[in-house]
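Have the sequence and the 3D view ready.

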Amino acid sequence: MSFSKLVFAPLSYTGWGALEQLLPEVGKYAPKKILVVTDPMLAKIGLTDRVTGPLKTGGYEVTVYTEVVPEPPLETGENLVTFTRNNGFDMVIGVGGGSALDLAKLAAVLATHEGKVADYLNLTGSRSVEKKGLPLVLIPTTSGTGSEVTNIAVLSLETTKDVVTHDFLLTDVAIVDPELTVSVPPKVTAATGIDALTHAVEAYISVNANPATDALALQAIRLIARSLRKAVENGEDKQARTDMSHGSFLAGLSFFNAGVAGVHALAYPLGGQFHIAHGDSNAVLLPYVMSYIRRSCETRMADILDALGGNSSFLSDAEASYKCVDELKRIVQDVGIPSTLAGFKIPETALDSLTADGVKQKRILARSPLPLLEADIRKIYQSAFDGVPTEPD
Ligand SMILES: [Fe+2]
């Protein structure tokens, strides 16, 4: 027998119109100088104004920082932390996709620490986060990363990724308002949505899963499965956007507690070496990793099939798990994401270096129900290149 540590949501507002709670929540901290970290595109299309407008009207001094890039490299984090320390901010608000939110977490927590961001990296750093950072509000504008409820910030290194992680990176307030996701283009809706689906699927089959994370994961899968295609097809679909927003939030809570596994571990090198967006990297690998580990978690995959809208009632667990792989492959294809590595123009000659970097993701691989060693990882990349799901010998 064993027990689980569960860290559930920070103070969160979810659902259409939740952004109304921004001003009252900010007011509780009485900040003098607020730093808003956001994606440049969101500032350009005026979405960031939805946050900064009420703050300025409320009399707060607001600085908007837009040096945010997808899959942010370490240097982007270093620059932002230096900027935050040098300008005496006393609150940080992150508005955007996972990159903006992760960077906002870093800025808030490292503003109260010394040293470089590099010093705090999980794999290679020598220092650890010791105290709480500046008050932090996170407002996602995509339905995918779950960054608003996790204690982790991901940074890109030369060919791979590393993280800064500590419970002091948890936000004080999360505002998850689907209205902010309406203008997200179909491609980004698809990639971030499959990322959220992957969080839920991987949390459900994680060796660290428990009944609480199971409940969150299965409901996240139900919401995403019934709404992702609709949200991609018609971004204005209020119900689909609302489902995706809640699905992503629940998936975030689930994987924060149970962890993600093989799909994310193998996806990181695709982002690191080929700059493929995080959601796309997960999407292209999801069916192949699930096929490879299928026999280690057939019953759980039968549950996932049901949550995806399938029916396992008259099937054996083995039959249902095959169907689950098919269903995952179908949803990735339906939202328009290439279903092979070749579809992302990754050459077969890259599979060795992808494998070499994939093996390094030990922290994540440890949660796979089937241990994935170097030879297994190579086989999975090969199957994703060929477009043919495979299994261990
Ligand atoms: Fe993810």
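## Helices in contact

In helix α6, Thr 189, Gly 193, Ala 196, His 199, Ala 200 and Ala 203 meet Arg 241, Met 244, Ser 248, Ala 251, Ser 254, Phe 255 and Ala 258 of α8, where contact means heavy atoms within 4.5 Å. The residues of this contact divide into 7 nonpolar, 5 polar and 1 charged. This is a predicted model, in which local features need pLDDT of at least 70, side-chain atom pairs count only at pLDDT 80 or more, and totals for chains, interfaces and linings use all residues. Residues are numbered from 1 along each chain as its sequence is written, and side-chain values use heavy atoms, with hydrogens and water left out.

The axes of α6 (residues 186-205) and α8 (residues 238-258) come within 8 Å and cross at roughly 40 degrees.

Now turn to α15 (residues 374-386). Its 13 residues, at 1.5 Å a residue, should span 18 Å, and the end C-alpha atoms are 18 Å apart, which agrees. Among its buried residues are Ile 377, Tyr 381 and Phe 385 (buried is under 20% relative accessible area, exposed over 50%, partly exposed in between, with a 1.4 Å probe and protein chains only). Just after α15, Gly 387 takes a positive phi of about 80 degrees.

Most residues other than glycine have a negative phi.

| Residue | Phi | Relative accessible area |
|---|---|---|
| Ala 30 | about 45 degrees | 52%, exposed |
| Lys 345 | near 60 degrees | 73%, exposed |

Ala 30 is found in the loop between α1 and β2, while Lys 345 sits in the loop between α12 and α13.

How values were computed
Helix = DSSP H or I, 4+ residues; strand = E, 2+ residues; numbered from the N terminus. Expected span 1.5 Å × (residues − 1). Axes fitted to C-alpha atoms, helices over the stretch in contact; angles between N-to-C directions. Nonpolar A, V, L, I, M, F, W, Y, C, P; charged D, E, K, R; others polar.
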